[in-house]
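Look over the sequence and the fold before you read on.

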Amino acid sequence: MRTHLCGELRSEHIGQTVSVCGWVGRRREHGEHLAFVDLRDHSGIIQCVVDNDVDVRSEYVLRVTGVVRQRPEGTINDGLPTGQVEIGDCAVEILRQATPPPFPIDARADDVDENVRLQHRYLDLRRERMQRNLRIRSKINAAVRDSMHAQGFVEVETPMLVPSTPEGAREFLVPSRKEPGSFYALPQSPQLFKQLLMVAGVDRYYQMARCLRDEDLRADRQYEFMQLDMEMSFVTQDDVLDAVSEAVLAAAEAATGERPAPIERMSWHDAMNRFGVDKPDLRFGMELVELTDVFASTEFKAFASARTIKGIRVDGGADEFGRNQLDKLTDRAKSLGAKGLVWLKCTDDGFDSPVAKFLSDDEVAAVKAEMGAETGDLVLVVADEWETTCEVLGVLRNDIGRPPVHEGPYRYVWIVEFPLFVGHDKETGAPKSGHHPFTMPHPDDVDKFETDPMAVRSIAYDLVLNGWELGSGSIRIHEPALQRKVFRALGITEEAAERKFGFFLNPFEYGAPPHGGFAFGLDRLVAVLAGEENIREVIAFPKTQSGADPMTNSPIAGDPAAMAELGLKILPPST
RNA sequence: GGUCCCGUGGUGAAGUCAGGAGUUCACGCCGGCCUGUCAAGCCGGAGGUCGCGGGUUCAAAUCCCGUCGGGACCGCCA
């Protein structure tokens, strides 16, 4: 039907008779005898010169046959890759007429209400930006698969209809027709199956796995998302990190044409202490600075009782941040759990601040020295428990300093040595798993289980790119005595463990190899590498924040007959 | 469950704080003119229940209450 793609025609094609197919973009008509039609396909745009009277409108689908020719002097368009040439003597075949689109099929649609874009996603996807994103995603998928195969991984598909599991994210339930009242769950991840594949002797498993979680949607979260899911037998943490790094760096190279440097590592504690988050964006500084000792004997009450005091410096921020903005930052800090936020505008002779009168000269000098603050800088200080102080400043650091996603270098980092336990269960008071209950404790910390459980580190790790958590993994416990010890610390009795996890752990009795794995979110990786702030831009048919699809109108009301067959009845809304 | 922002012809915006006739701008659409444009140009035209419902008022796009939809965030996402 066609001999070339629209976007590939160049000077070298001059003189050739070609046929191209595509959609009518802009057209410039000069009467019955001359019209310029921009024909567009996924590869780009070519100008067709039509000198007979054909009625072509926006987004008509055409097949154009003509001769590629040099554009006349003075009419070359440097803004277009095909701008040196045009197709002349055009025979136009209208393959399909079209209704005018609700929004322009070009970059101007970036500003169109996202609901309208999603309603007509097939038109939105016709645009250059979206075509590019789809193709970057495809390249990344292919590179990841190639890399995994080259490293000896076996792709195994696992079921989508799985048993509901007691812990973790809220699940989507699928009613059973044969057994009304019983439900399958859609997998929040293939966790169960991939570990059993290790018991099965697969040795190295991977899958491009669709995962589903019924939790509230965000810019980086959809109900359904894709993970590169993998698991390896007879390995250490280094083996897993190396294998994942290889796949990710190959994917990055496929998307950007440049292979990133080897991925650095940082302990969870360092990340929290220096950046206030477990997913630090290393593209910019503004690190958290320790100020606790500076205020060891302070008169200022808000600081005197605090366990940890830290600050961040905003270069030149004193003028930039007015009272209104500082109030907003304070509200933000409070909403994140801080008791307040102290701001200090650095002047020649001290600090301009509501709390300046409570600070001694020594304290002012010490803060300036520790923070490296000079006149015109803004210093933000939080005083609280170590974790709260770090977390609040970490969020403020991101709010204030974080560059747009498409800017700056790609900074990958492995965060290692996550704590085994994080926080406590509200009801039982027992510690909660940081990663999941099957995560291997750090061998150096096993004797701290009784004395200081919250200080026990784990062999768990996250991969972070420019402040996005791409994924996480761990070495798993394969040996029952240690697993019992962890369950005990979690406050899970042997009966409860058997009830909750028996179907999963009993197979280990038949010989579970030491194993560990990882899973990373492809949507997020693609988004960052495509320079998109939002994963919806790299998903062909995403859902809105309320979980709806404006194009298909899903979800829709259940059909009464189908519901009856499933034994389902909808209760009236409560309240 | 909560906080904040947004909703005005097909699209994007201004108008809302400070109530006074559906007012304005750009794009698109329809018709006419036009043989080198590329956001073509010029002339003319059509197109809106100001998301929806209620309230206040002589009068509501504008103020108040509710609701729906979209977005950002907190909670949630082992």
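The questions below cover a helix pair and a pocket.

This is a predicted model, where local features need pLDDT of at least 70, side-chain atom pairs count only at pLDDT 80 or more, and totals for chains, interfaces and linings use all residues. Residues are numbered from 1 along each chain as its sequence is written, and side-chain values use heavy atoms, without hydrogens and water.

Q: At what angle do the axes of helix 3 and helix 5 cross?
A: Helix 3 spans residues 128-150 and helix 5 spans residues 237-256. Helices here are DSSP runs (H or I, at least four residues) and strands are E runs of at least two. The axes are lines fitted to C-alpha atoms over the stretch in contact, with angles from 0 to 180 degrees between N-to-C directions. They come within 8 Å and cross at roughly 145 degrees.

Q: Which residues of helix 5 meet helix 3?
A: Contact means heavy atoms within 4.5 Å. Helix 3 brings Ile136, Lys139, Ile140, Ala143, Val144, Ser147 and Met148. The partners in helix 5 are Glu246, Ala247, Ala250, Ala251, Ala254 and Ala255.

Q: Which element gives the most to the lining of the second largest pocket?
A: A pocket is an open set of points on a 1 Å grid over the protein atoms alone, where a 1.4 Å probe fits, with protein on both sides within 12 Å along at least five of seven lines; lining residues have an atom within 4 Å of a point. This one is lined by 33 residues, with Arg40, Ile45, Ile105, Asp106 and Glu128 nearest its centre. Strand 1 (17-29), strand 2 (35-41), strand 3 (44-50) and helix 3 each give two or more. With 5 residues, the top contributor is helix 3.

Definitions and conventions. Chains are lettered from A and ligands numbered from 1 in the order in which they are written.
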